[in-house]
Amino acid sequence: MHLKRLFLIAVCTLAAFAAAPSVRQAFAEDAAKPADPGLSDVLTDLLHGVEGENSTSGPDKRVPFGREEVQLSFAPLVKQTAPAVVNVYASQTAKVTSPFEGDPFFEEFFGRAQPRAQSSLGSGVLVDPSGVIVTNYHVIKDADEVKVATADGREFTSKVMLKDETLDLAVLKISADKPFPVIAIGDSDALEVGDLVLAIGNPFGVGQTTTSGIVSALARSHIGVSDSGYFIQTDAAINPGNSGGALINMGGQLVGINTAIYSRSGGSIGIGFAIPSNMVRAFADAAKAGLDFFERPYIGAEFEAVTPQIAESLGMEKPTGALVSSVDGAGPAGKAGLKPGDVVLSLNNTPVESIEALDYRMATLSIGTKATFAVLSKGQQATLEIALERAPEGAKASEVTLHGRSPFAGAKVAELSPRLAQRLGLRTDMKGVTVVDINRDSPAADFGFQPGDIVREVNGTSIDKAATLAQIAQQDTRWWRFTVERGGQILRQVLRY
């Protein structure tokens with residue numbers, strides 16, 4: 001048996017030696033021909049990121065090659081930006097009412113209802129070395145005191161420089177002997193869907209936390225957070241407490257302020273929204289300029305959405321742009337030739353998809369400059385250059401605080417002008433007497449009046465002057481019948497007070 005195996009091995013060895021010259025010649029001929037890529041070659045090319053006919057990874061895209069690349073980390077980026085993200089603590093004293101309030105017998109035995117302290121927690125971003133912080137309006141809304149804790153453990157009492165409920169933005173100011181770390185504000189218009197981003201904030205009050213994700217969508221609107229209607233959507237985990245925190249791009253720049261999550265449970269489900277940094281920059285600049293409210297450029301025109309029916313009637317392929325509903329002939333838009341019925345298609349060569357997009361683009365432009373509007377007018381496209389001006393003050397009437405035994409006592413009212421309407425978030429073409437401010441502990445606050453309410457009629461008298469309303473509020477009567485316009489709706493009320 002062993003002899004047989006040895007014989008077979010010897011025969012095979014002799015055959016191999018005999019075939020060696022022909023095998024070497026075959027290899028030499030194959031080397032002269034273009035080689036077909038084998039499996040090992042294709043795998044090597046894919047690992048090294050080499051492009052070819054069979055490569056599906058695309059340019060500059062490949063799997064990690066080597067331990068160093070597998071261990072890539074966001075840590076350097078977080079270390080650079082996290083010190084500029086702060087915690088914001090807002091506190092207020094809430095009025096507690098008792099059904100027995102004012103009754104001497106029950107107050108003798110049970111005492112008066114004591115005010116109760118309430119607090120909220122959010123995040124903020126340092127955008128200026130002097131201590132300028134951007135956060136959300138809803139984080140500090142109605143706060144009596146706002147404190148800020150920096151990443152290094154220091155705590156400061158802050159001052160509110162500027163706030164705007166319609167934008168859900170607020171600017172705070174803290175002071176120290178040394179400059180604060182900051183995050184540079186980037187260009188949110190440069191973002192693309194799929195870009196990597198980091199969200200830094202203080203969710204649930206557990207301390208500073210960083211999450212990563214991508215930009216899921218741009219120009220999101222109608223999410224019920226603010227009237228801005230123009231948001232960055234991201235799947236980076238955003239939870240309660242992240243409001244006012246930073247959305248960072250891979251260059252370490254601020255591209256958004258985290259403002260809301262879409263969730264039924266209160267936790268992150270991968271749908272979060274951030275206010276674009278270009279809006280944040282404009283708002284912070286207004287605060288640093290010392291403005292008492294965020295002024296938007298005024299052109300003397302109002303707009304409404306383009307519906308599918310309107311688009312069809314105008315011969316448009318799809319509903320896009322913003323329809324001009326009214327124009328002040330003496331305003332910048334009227335002087336430039338803009339007319340009711342025109343449709344704004346782009347602003348400064350940037351397409352305008354909706355009225356929300358136009359409002360956002362306008363708000364980020366500077367007063368005193370000019371903007372180029374591409375419009376569709378009577379079926380023809382035209383280009384108009386319109387000056388961006390400050391809203392006119394009009395015949396400025398002094399603000400009047402109402403007194404007397406009436407439901408309006410404690411309300412501060414004034415006659416509407418385009419500038420005041422802009423300040424209150426109203427259409428700049430509205431007229432009438434509006435509520436400017438409310439004393440928190442007043443009958444007007446108890447009856448639910450709000451800034452921006454327009455008083456149209458009281459006890460059968462039409463209201464067109466603040467002085468008229470002040471005089472009627474002094475009437476000696478227990479019955480009140482009034483009509484108020486709020487958010488485009490007419491509210492009528494009859495009560496005994």
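**Exercise 1.** Determine whether Arg 456 is buried, partly exposed or exposed in this predicted model, and describe the salt bridge of Arg 456.

*Solution.* 
1. The relative accessible area of Arg 456 is 27%. Buried requires a value under 20% and exposed one over 50%, with partly exposed in between; Arg 456 is therefore partly exposed.
2. The salt-bridge partner of Arg 456 is Glu 485, and the closest N and O atoms are 2.8 Å apart.
3. These two residues link distant parts of the chain: Arg 456 belongs to strand E23 (residues 454-458) and Glu 485 to strand E25 (residues 479-486), a separation of 29 residues.
4. Glu 485 has a relative accessibility of 14%, so this residue counts as buried.

**Exercise 2.** State how many salt bridges the model contains, and identify which residues are joined into one network by shared partners.

*Solution.* 
1. A salt bridge is counted when a side-chain nitrogen of Lys or Arg lies within 4 Å of a carboxyl oxygen of Asp or Glu. The count by this rule is 14.
2. Through shared partners, salt bridges connect Glu 295, Arg 390, Glu 393 and Arg 419 into one network.

**Exercise 3.** Describe the salt bridge between Arg 440 and Asp 144, then that between Arg 154 and Asp 152.

*Solution.* 
1. Between the side chains of Arg 440 and Asp 144, the N to O distance is 3.5 Å.
2. Distant parts of the chain are linked by this pair, whose members are 296 residues apart. Arg 440 lies in the loop between strand E22 (433-438) and helix H12 (443-446), and Asp 144 in the loop between helix H6 (137-140) and strand E4 (145-149).
3. Arg 440, at 43% relative accessibility, is partly exposed; Asp 144, at 48%, is partly exposed.
4. For Arg 154 and Asp 152, the N to O distance is 3.1 Å. Arg 154 is partly exposed at 34%, whereas Asp 152 is exposed at 51%.

Definitions and conventions:
Residues numbered from 1 in each chain as written. Predicted model: local features only at pLDDT ≥ 70, side-chain atom pairs only at ≥ 80, totals over all residues. Heavy atoms only, no water. Helix = DSSP H or I, 4+ residues; strand = E, 2+ residues; numbered from the N terminus. Buried < 20%, exposed > 50% of the residue type's maximum accessible area, 1.4 Å probe, protein only.
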